[in-house]
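Here's a set of exercises to work through with the model open in your viewer. Try each task before you read its solution.

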Amino acid sequence: MNSPLKRVALACLLMFGLLMLNVNYLQGVRADDLRADSRNVRNFFDRYEVERGRITAGDKVLAESVDTGSNDFRFERRYPEGKVYAPITGFFAPESESNIELAENSLLNGTSADLLIRRSIDLFTAKQTKGANVDLTINPKAQEAAYKALGASGKKGALVAIEPKTGAILAMVSIPTYDPNLLSKANKDEVNKASKKLETDKDQPLLNRAIRRTYPPGSTFKVVTMAAYLESDDTLGPQSQVDAPQLLDLPNTTADLPNSGGAACGSGRVTLSFALERSCNTPFGKIAMDLGYDAINDQARKFGIGGDALAVPMPVAPSDFGPEEDKAALAQASIGQRSNQMTPLQMAMIAAGIANNGVVMKPYLVNKIADSEGGEIESADPEEFTTAISEDTARKLQEMMINVVNNGTANAAQIPGVTVAGKTGTAETAEGRDPHAWFISFAPAEDPKVALALMVESGSAGDDASGGHTAAPIAKSVMEAVLGR
C-alpha cells in the first residue's frame, strides 16, 4: 500500500475511533443529562404519545387520557372532578407527576415489567400499547361529602376515613386544594406559570395535609394514654376511679396543668369514662406521670407511631410522640401537646384500631390494577399492621368513646339509629392562632364500617366542646355517606 492510501486509511480509522468514543460518551456518560435537558422536546412529546391508564374509584373516573388529535402530542391528561380528588390522584405534568400518578407511574404509562406480556401481545397484534388502569379504594360519596363539608367551613384542614377491618382508605381530603387540569396541559409555559402560582401560595394547596403534615393531636391522643393505662392493669375499666384535681401540680415548673378553662373535673375524683367524656386534662396528666414515658411511648408505637416508614402508596410523614424529657413534659404530651405530632392518617389508624378490637390494619389506597384489556395484574390483600391493644382493652375504650358521643363533648356526631363512638380534641398552636379542632370517630360501634380522623386548622375557640362543634358535624356527614344514611 502506498503512502497516500496509508494516510487516508489511518485518518478513517482515527475518525471511526473518535466517533465510537463520542457515541459511548453520549450514551454512557451524558445520557441522563441529555434526557433531562429542557431543550430535549423528544421526551416531552413521548410522554404525551402514550395513553396512560385510568385512575378510578369504582365507576367514577378520576383521571383519564383524552386523544387530542394533535400532530405534536397525542394524549392529554384530564381530571373530571379535579379539585375533589387532587390530594389523591395528584397531577401528570410535562416534566413531573405526583401522588398516585407518581406512585403508580410505571403501570399507568405501560412501562412496568408487570405489563411485559401485555406489551408483547400488543406488539404481535400491532396494537398501540396502553397503560394499566388503577382502581382506588375511595368511596366517592364519602370523598365528596368530606370535600363539601370541610370546604364549607372556610378553614384549612384534612380528613381521612378508613374501613377498620381492612385498612382500605375510603376518603382522603385536604383543603385548600387545586385543579390538576391546570398542570396537565402539554404546554410547558402555561404549566410552569400555574405551578409557580400554586407553589408560592401561602395556603399551600399542593400540600396533602392528610398524610404529609403533622399537627399536635390535642385531646384525641387521650385515647392512647387511656389505652396504656388500661393495658397496665386488666382490672381497670370505664367505672374505675381516678384522681382529677382542678389543677395538676407539675414538678420542676410553675406552669401547672389545668383543665380546659381552669374548670373543675367533677368532684376531684371521677370515673375513667367521665374523664374521657369531659376531656379533663388533669387525670390524664397524672396517669402519664404515674405510668412513665416508656409506657406511653410504647403504647404509641403499638399504634404505629414512630415506627417504620409508611406508604399508601404515597409516602406518609412520620408521626411522633416526642422525646423523653421530664415529667412535666410527659404530662403535656399525654394530652396531645408539647412535642406530640400526628398526621390525620395516623389518628384515623388509632380510631380504626380501637374499632377493630385492637388490631390496626395497614392502610392502603389501591384496590386493584388491571391492564388495558381488563386482565388483573394485582389486587389489594389486606394485612395486619400492628396489634395495638388487647380485645378487652379495645371493648372498654369503645364503651367510653360511645359515652363521649352520647354524653360528652361530641354529641354533634350523633346519627339517629347508629351507635357512634368518638373523641374530640383541641390543640394549641405555637403560632398563637386559634387552636386546631380535631375529631376521631367510628361507626356503627358494634360492627364498624368506617373510622376517621378530622383536623380543622384554627377551627376551635379553645376547648374540646367547641372543637366538637366544629369538627364533629363534618365527620358525621362522612359517616352518613359511608353508611348510606
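The accessible surface of the chain comes to about 21,600 Å², and carbon and sulfur atoms own 50% of that. Areas here come from the Shrake-Rupley method with a 1.4 Å probe, and for residues only the protein chains shown count as cover. Keep in mind that this is a predicted model: local features need pLDDT of at least 70, side-chain atom pairs count only at pLDDT 80 or more, and totals for chains, interfaces and linings use all residues. Residues are numbered from 1 along each chain as its sequence is written, and side-chain values use heavy atoms, with hydrogens and water left out.

**Exercise 1. Describe how helix 10 and helix 16 cross.**

Step 1. Find helix 10 at residues 222-232 and helix 16 at residues 391-407; their axes come within 10 Å and cross at roughly 135°. The axes are lines fitted to C-alpha atoms over the stretch in contact, and angles run from 0 to 180 degrees between N-to-C directions.

Step 2. Classify the angle: helix 10 is oblique to helix 16. The cut-offs are under 35 degrees for roughly parallel, over 145 for roughly antiparallel, 65 to 115 for roughly perpendicular, and oblique for the rest.

Step 3. Get the hand: this crossing is right-handed. That label applies if the near helix is turned clockwise from the far one by less than a right angle, and left-handed if anticlockwise.

Step 4. List who touches. Helix 10 brings Val223, Met226, Ala227, Leu230 and Glu231, while helix 16 brings Thr393, Lys396, Leu397, Met400 and Met401.

Step 5. Sort them by type: seven are nonpolar, one is polar and two are charged. (Ala, Val, Leu, Ile, Met, Phe, Trp, Tyr, Cys and Pro count as nonpolar, Asp, Glu, Lys and Arg as charged, and the others, Gly among them, as polar.)

**Exercise 2. Is Tyr178 buried or exposed, and which residues does Tyr178 contact?**

Step 1. Check its cover. With a relative accessible area of 4%, Tyr178 is buried.

Step 2. Skip neighbours within four places in sequence, and the contacts of Tyr178 include Gly82, Lys83, Ala86, Phe91 and Leu206. Val84 is 94 residues away along the chain, yet the C-alpha atoms of Tyr178 and Val84 are separated by 8.5 Å.

Step 3. Stay in this loop, where Pro176 is also found. Ile175 and Pro176 are joined by a cis peptide bond, with omega about 5°.

**Exercise 3. Where is Gly268, and how is helix 12 covered?**

Step 1. Gly268 belongs to the loop between strand 9 (257-258) and strand 10 (269-271). Its relative accessible area is 27%, so Gly268 is partly exposed.

Step 2. Beyond its neighbours within four places in sequence, Gly268 touches Val242, Asp243, Ala244 and Pro245. Gly268 and Ala244 are 4.6 Å apart, C-alpha to C-alpha, and 24 residues apart in sequence.

Step 3. Move on to helix 12 (residues 282-291), which is mostly covered, with seven of its 10 residues buried. Those are Thr282, Pro283, Phe284, Gly285, Ile287, Ala288 and Met289. Gly292 follows helix 12 and has a positive phi, near 95°.

**Exercise 4. Which phi values do Ser279 and Arg338 have?**

Step 1. Ser279 is not a glycine, but its phi is positive, about 55°. Ser279 is in the loop between helix 11 (272-277) and helix 12, and is buried at 4% relative accessible area.

Step 2. Arg338 is not a glycine either, and has a positive phi of about 60°. Arg338 lies between helix 14 (327-333) and helix 15 (344-355), in the loop, and counts as partly exposed at 45% relative accessibility.

Technical notes: Helix = DSSP H or I, 4+ residues; strand = E, 2+ residues; numbered from the N terminus. Contact = heavy atoms within 4.5 Å. Buried < 20%, exposed > 50% of the residue type's maximum accessible area, 1.4 Å probe, protein only.
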